[in-house]
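Here are a few notes to read with the structure open beside you. Take the points one at a time and look for each element as it comes up.

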Amino acid sequence: MSGRGTRTIKVDTLARVEGEGALYIKMAGDRVSDVKLRIYEPPRMFEAFLRGRHFSEAPDITARICGICPIAYQMSAVHAIERALGIKVDPAVRLLRRLFYCGEWIESHALHIYMLHAPDFLGYQDVIEMAKDHREVVEKALRLKKIGNRIVQLMGGREIHPISAAVGGFYKVPGKAQLRELMGDLQWALNTSLEAVRWTSTLQFPDFEQDYEFVALRNPSEYALCEGRLVSNHGLDIDPAEYEDRFAELHVKHSNALHSVVRGRGSYLVGPLARFNLNFDKLPETARQAATEAKLVPPVKNLFRSIQVRAVELVFACVEALRIIAEYEPPSAPRVDAPNRRGVGQAITEAPRGILYHRYAVDEKGTIVTAKIVPPTSQNQRRIEDDLREYAAQLAAWPLEEATWKCEQAVRCYDPCISCATHFLKVIIERE
Amino acid sequence: MSSEPKRKKKAGAKPTIGVFKFASCDGCQLSLLDAEDELLGVVGAVEIAYFPEASRNMVDGPYDIGLVEGSITTHHDAERIQEVRRKCKTLITLGACATAGGIQALRNWKDVDEFIRVVYATPQFVSTLKLSTPIAEHVPVDFELRGCPINKYQLIELISATLAGRKPNIPTYSVCMECKRKANVCISVARGIACLGPVTQAGCGALCPSYDRGCYGCFGPMETPNTASLTSQFRVLGQSDDQISRAFRSFNAWAWQFRRASEECKPT
C-alpha cells in the first residue's frame, strides 16, 4: 500500500465484544484524519427510570445493564447506597462480597481470554473454529469459566442477574461446608490460571506502547475490588465521592455512550492494565511471581498484553477466593438493617473491565431521587479512539483487510462492554 | 411454535442459527456461552452462522432458527426486525426484553424526551421511539422464551425440540409449583413476605423464595395469573399501592397482565 491516498477502515459490526458498536477510521496517506468508535446500541436510560424506585431495588435493576458483569453493578449499587444511608456491613459480608466478585472476574476473564481474545492471536474467526485445533485449551477454558460461574451461582442462585445481593448484605449467605465444596475446583482453577499466564506469554504481541494515564481503585491492604481511593500514575488520589469533580462526561454525536475524560487532561485507561500497574504490590505472591516469570513487570504499556494481565488477575481471583473460603465464618445475620434515610452516596468498584461509578441521592422514604452511573467502557471510549489514531497510522502500509482486523483487535483488547456503555463493535478504515 | 415440518436439507448440512440483538443487556445470548457443558455439543449439531458476540464470521441468511434478544426502541431497529424475520424460518425470542419490552419499557409510562434529557447532555443526538416494545408487536414470533435472564436448560430444550420438530417441554404454570416441588415453606404465608410467585411463570427454579426473598417476576405472567387476588393479598400484607404497582412494573412491566395490574393500583 502506498503512503498516498485516503482510505477508510470500517468495521460495521464489531465482533466478539459485548454489545453493538462500529469503528470508523479515515486516513489520508499515513495520517489519520478521523476516528470514531460509534456506539449505536440503543439507549436504555437506566438513570432516568431509577428515579422513583426504592433503593432496595437498585441492585436488581442496575444488574440488568449488563448480563456479563451484573455483580459489578450490584456491588457498586449496594456500596453507594450504604454510603448514602451511613450503614456499615458485617466484616464477613465484606469478605463474601469479594468472593462473589472473584467469581465474576474468573468467569468474565476466562470468557475474554480464551473465547473472545485468543482467536485474534491464533488467527481464528471464533472460539468454535479454534476448538477444532485446540480442543483441550477450549475445554479447559470452559471449565475455568464454569468454576467462576459456580461461585456466583452458589452465592447468588444463578450466573446471570444473581438474586442474593442486597443493601446491607445478602438475602441469604452460604454455609461454611457449602463454600468448602468449591475448594477442589478452585485449586484446579488456580493451576489452570498459572498455565494461562504461561500460555498467553507465548503469543505474539505487536510493538505498541502508549503513554497512558492509568486509573484504578487502590486499597492499602489488598488488591482493590470494592473499596479504596481512586488513584492514577499522573498524581490523582481521591475519594470516590470526588469522582465527578475530577472527571467529566461528554456527549458526542456518534455515540450513545458518553465519553469520560479527566478534567483538564483528557483520555485515560481503566481495567486490568491500570490495576496491574498501580497495584502490582498488592497482588498475592503467587500472582506476582507468575507475572515476573512471564516477564510482565509494571508499567505494562502495551495494550495487547492485557490478555496476559487478565491471566495474572485470574491467578489473583483464584488465590483470593481460596483464602476467603478457608477463613470464612458466616456473619451473625445475612444483612444489617437498612432504614430509610435521606442522603447521597457514591461508590466505585472494579468491574472486570475497569472502574464502575455509581451515585445515588435518596429521600427520607428511601426513594431514589437521582442516580448516576459511569460504566468502564464509556471511560475507556475516548482512550480507544486515541489508541486507534496512533495504531492505524502505524498500519498505513498494510493491506486494508489486515489493517482492519488489527484495528478490531486493538479494540477487543479493552474487552469493551457496549451493553454497559449503552453496546457492539463494527471497524471502518477509510483511506484516500 | 411453527408446526411446519423441517424442510429436508442436503445431506450433511447442519441447521443454521443466527443470534440477533436489540435493546438488551446481552445476558440471554450469553446463556448460550454459559452452557459450558453443552456448548461444544450444540455447536457440533448446528452451524452458528451469525453470532457477533462470539464470532467475526458473519454468514448471511437465511437461517433455520433465529434467536432474538432485546426489545424494539428505535426506528432503525423496527425496520431491522422485519429483515431478521424474513431471514429466519423459525423465530424465537429470548428473555424479558424481547418478550415483554424489558426494564427499559418503564419509559412507556413516561415522557421519553424527559428521560433522554436526564441522561444525555445533547438530546437531539439521540434517536429513540416513545415505547419499548416486544418483538411480537412487530413480527410473528414462533416461540417466546421467558426469563430475565432465560434459563439456559430451557434454551437447549427449545433448540433441540425445534430441530426435532416437536413441542418443547417448557411449563407455563407458576413459580409456586417449583416451590412446592422443592419443599420450600411458603415465605408469603409463613413470613408475610410479598411474593410475585403465584402470578409468575416458572422457569427459575423458585430461586428467590429459596434465598429468603419474594419472587420479583423475572419470568413474566404465568398462563392464567390472578393478579387482582394477589394485589389484595399484598394489601393485607401492608404493601402500599405504590409498592404494589412497582412490583408489577419491573422486567416484564409491559406484559399486558402485569401492565394492567400495575395500572389498577396506580392510575397513570
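1. A quick term before we start: two strands count as paired if DSSP finds at least two bridges between them. Keep in mind too that you're looking at a predicted model.

2. With that in hand, look at strand E1 (residues 6-11) of chain A, which runs antiparallel to E2(A) and is joined to it by two bridges. One pairing to find: A:Thr6 has A:Ala28 in E2(A) as its bridge partner.

3. Now go to the other pairing of E2(A). Three bridges link E2(A) to strand E3 (residues 31-39) of chain A, again antiparallel. Here A:Ala22 has A:Arg38 in E3(A) as its bridge partner. The hairpin of E2(A) and E3(A) has two residues between the strands, and A:Gly29 takes a positive phi near 65° there.

4. Is E2(A) largely enclosed or largely open? Seven of the eight residues in this strand (residues 21-28) are buried, so the rest of the structure largely encloses it.

5. Because 18 of the 22 residues are buried, H12(A) is largely enclosed by the rest of the structure.

6. Finally, the chain contacts: 48 residues of chain A are in contact with 49 residues of chain B. Several helices of chain A supply at least two residues each to that side, including H1 (46-49) and H4 (91-122). H6(A) gives the largest share, five residues. By class, the side of chain A touching chain B has 20 nonpolar, 12 polar and 16 charged residues.

Technical notes
Residues are numbered from 1 along each chain as its sequence is written. Chains are lettered from A and ligands numbered from 1 in the order in which they are written. This is a predicted model: local features need pLDDT of at least 70, side-chain atom pairs count only at pLDDT 80 or more; totals for chains, interfaces and linings use all residues. A residue is buried if 20 or more other C-beta atoms lie within 10 Å of its own, exposed if 12 or fewer, and partly exposed in between; C-beta atoms are placed from the backbone. Helices (H or I, at least four residues) and strands (E, at least two) are DSSP runs, numbered from the N terminus. Two residues are in contact if their C-beta atoms, placed from the backbone, lie within 7 Å. Ala, Val, Leu, Ile, Met, Phe, Trp, Tyr, Cys and Pro count as nonpolar, Asp, Glu, Lys and Arg as charged, and the others, Gly among them, as polar.
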